[in-house]
Amino acid sequence: HKLCNFIEWRGKKIVYKRYASLFFVTLVDVEDNELVTLEKIHHFVEILDKYFGNVCELDIIFNFHKAYYILDELFIGGELQETSKRNVLKCAGAQDDLMEDDLKRETPLNRIKLKV
């Protein structure tokens, strides 16, 4: 499967794309267009690249919550909801600001987080 980025499996299709050392894998219905799915993966990776500055596996491992947040901004129920990279990055930046503000506030939970 060196030249093919999709495989039929158990009545579904596995569509995947490799970017450097990262693999992005989706499972779609047999009727779904593989090329559209590859474009969706590429769109997600482009946003991750802009957000993290050339995304790598360590970015995903140590900031998986941010990658999931970006994924949630892009897709709802497996369908692409936001095509604007700028809007997704703006929402991710706003989420970062909220997290920063929350860490600055003095709460019992934050005191515990800061000690760890």
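## About the model

Because the model is predicted, local features need pLDDT of at least 70 and side-chain atom pairs count only at pLDDT 80 or more, while totals for chains, interfaces and linings use all residues. Residues are numbered from 1 along each chain as its sequence is written, and side-chain values use heavy atoms, with hydrogens and water left out.

## The overall fold

Welcome to the protein chain, which has five helices and five strands. Here helices (H or I, at least four residues) and strands (E, at least two) are DSSP runs, numbered from the N terminus.

The protein chain has 116 residues, and 23% of them count as buried. Buried means under 20% relative accessible area, exposed over 50%, and partly exposed in between (1.4 Å probe, protein chains only). A contact means heavy atoms within 4.5 Å. Of the contacts in the protein chain with a separation of 6 or more, 31% join residues 24 or more positions apart.

Which residues of α4 are buried? They are Val-88, Ala-92 and Asp-96. Seen down the axis of α4, these buried residues fall within an arc of 80 degrees, so they line one face of the helix. The arc is that of the directions from the helix axis to the C-beta atoms. An α-helix has 3.6 residues a turn, so residues three or four places apart point the same way. Among the elements covering the buried residues of α4 are α1 (34–52) and α3 (64–74). On the other side of α4, Arg-86, Lys-90, Leu-98 and Lys-104 are exposed.

## The nonpolar core

A nonpolar core is a set of buried Ala, Val, Leu, Ile, Met, Phe, Trp, Tyr and Cys residues joined through side-chain atoms within 4.5 Å. The largest one here has 19 residues, and those with the most contacts inside it are Phe-24, Ile-41, Phe-44, Leu-48, Ile-70 and Leu-74. Two or more residues each come from β2, β3 (22–29), α1, α3 and α4. Helix α1 gives the largest share, seven residues.

Leaving out residues up to four places away in sequence, Leu-48 touches Phe-24, Gly-53, Val-55, Ile-60, Ala-67 and Ile-70.

## Two buried residues

Lys-13 sits in strand β2 (residues 12–19) and counts as buried, at 4% relative accessibility. A polar atom of its side chain lies 2.8 Å from the backbone oxygen of Val-30.

Thr-37 belongs to helix α1 and is buried too, with a relative accessible area of 8%. Beyond residues up to four places away in sequence, Thr-37 touches Val-15, Thr-26 and Val-28.

## Two loop residues with positive phi

Most residues other than glycine have a negative phi. Ala-20, in the loop between β2 and β3, has a positive phi of about 55 degrees and is exposed at 65% relative accessible area.

Asn-54 has a positive phi near 65 degrees. This residue lies in the loop between α1 and α2 (57–62), and at 60% relative accessibility Asn-54 counts as exposed.

Methods
A polar contact is a pair of N or O atoms within 3.5 Å; within protein, one must be able to donate a hydrogen and the other to accept it, and residues adjacent in sequence count only if both atoms are side-chain atoms.
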